[in-house]
Amino acid sequence: MNDFKNVFIHDSSYIDEEVSIGEGTKIWHFSHILSNSKIGNNCSLGQNVVVGPNVNIGNNVKIQNNVSVYDGVAIEDDVFCGPSCVFTNVINPRSFIERKKEFKLTKVCKGASIGANSTIICGIIINKYSFIGAGSVVTKNVKKFEKIYGNPAVHKGWVTIEGNSIIFNENKEYICPKTNKKYFFDKKNNEIKLEKHE
């Protein structure tokens, strides 16, 4: 029997054995957490969310309604998964061939946001603080602070830690227009970084 401390689980949801759920987490209507899954502290899982089996979800993660996070997907701290976004774990599924040993790891890194109704093709990395627009089909790795959207999703700019669009000002600086935090372009890795290297 699971014994969770300071966790809200709606009566209509089902939690398997061998599940860990951190303090302050809320699991809403008609959700199912499968065995050997771990959910961190202060997470919010909306209606009709399925997690697992064998899935790790970090702290402060928000998973909106109608999202399934199956074996092969790893979600770090502070990630936002919009309503009805879709994760896959097999690259070439067939109903008549079992490919459970061929799951490809999909990693969603700290602070990333995935817009509603986006589809994430398996085997990619969605890097820190990136932003995926609603309705996107993501087929390749997403860089840190990168903003992408479309089908297939393509580069559309850069965002800050707070999710604001980075501007390139008259002083040739990459800057957040709301916080005035400065970023720089790392030519070696072809990505944006915060000046303090966070």
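The model is predicted, so local features are given only at pLDDT of at least 70 and side-chain atom pairs only at pLDDT 80 or more, while totals for chains, interfaces and linings use all residues. Residues are numbered from 1 along each chain as its sequence is written, and side-chain values use heavy atoms, with hydrogens and water left out.

The protein has 26 strands and 0 helices; these are DSSP runs numbered from the N terminus, with at least two residues (E) for a strand and at least four (H or I) for a helix. Its C-alpha trace spans about 60 × 45 × 25 Å along the principal axes. Of the 198 residues, 40% are buried, where buried means under 20% relative accessible area, exposed over 50%, and partly exposed in between (1.4 Å probe, protein chains only).

Four strands form an open sheet with parallel pairing in the order β2-β5-β8-β11; a pair requires at least two DSSP bridges between the strands. β2 (14-15) and β11 (68-69) each have a single partner strand, so one side of each is left without a neighbour in the sheet. Strand β5 (residues 32-33) is joined to β2 by 2 bridges, and in β5 His-32 is the bridge partner of Tyr-14.

The largest nonpolar core holds 33 residues, and those touching the most other members are Leu-45, Ile-57, Ile-63, Ile-75, Phe-87, Ile-114 and Ile-126. Such a core is a set of buried Ala, Val, Leu, Ile, Met, Phe, Trp, Tyr and Cys residues joined through side-chain atoms within 4.5 Å. Beyond four places away in sequence, Ile-126 touches residues including Val-108, Ile-120, Ile-132 and Val-142, a contact being heavy atoms within 4.5 Å. Another core, of 8 residues, lies apart from the largest one and includes Tyr-129, Cys-176, Ile-192 and Leu-194.

Leu-194 also belongs to β26, where it stands opposite Tyr-183. Strands β25 (residues 182-186) and β26 (residues 191-194) pair in the antiparallel sense over 4 bridges. Their hairpin has 4 residues between the strands, and Asn-190 takes a positive phi near 55° there. In the loop between β24 (174-175) and β25 lies Lys-178, which is exposed at a relative accessible area of 67%.
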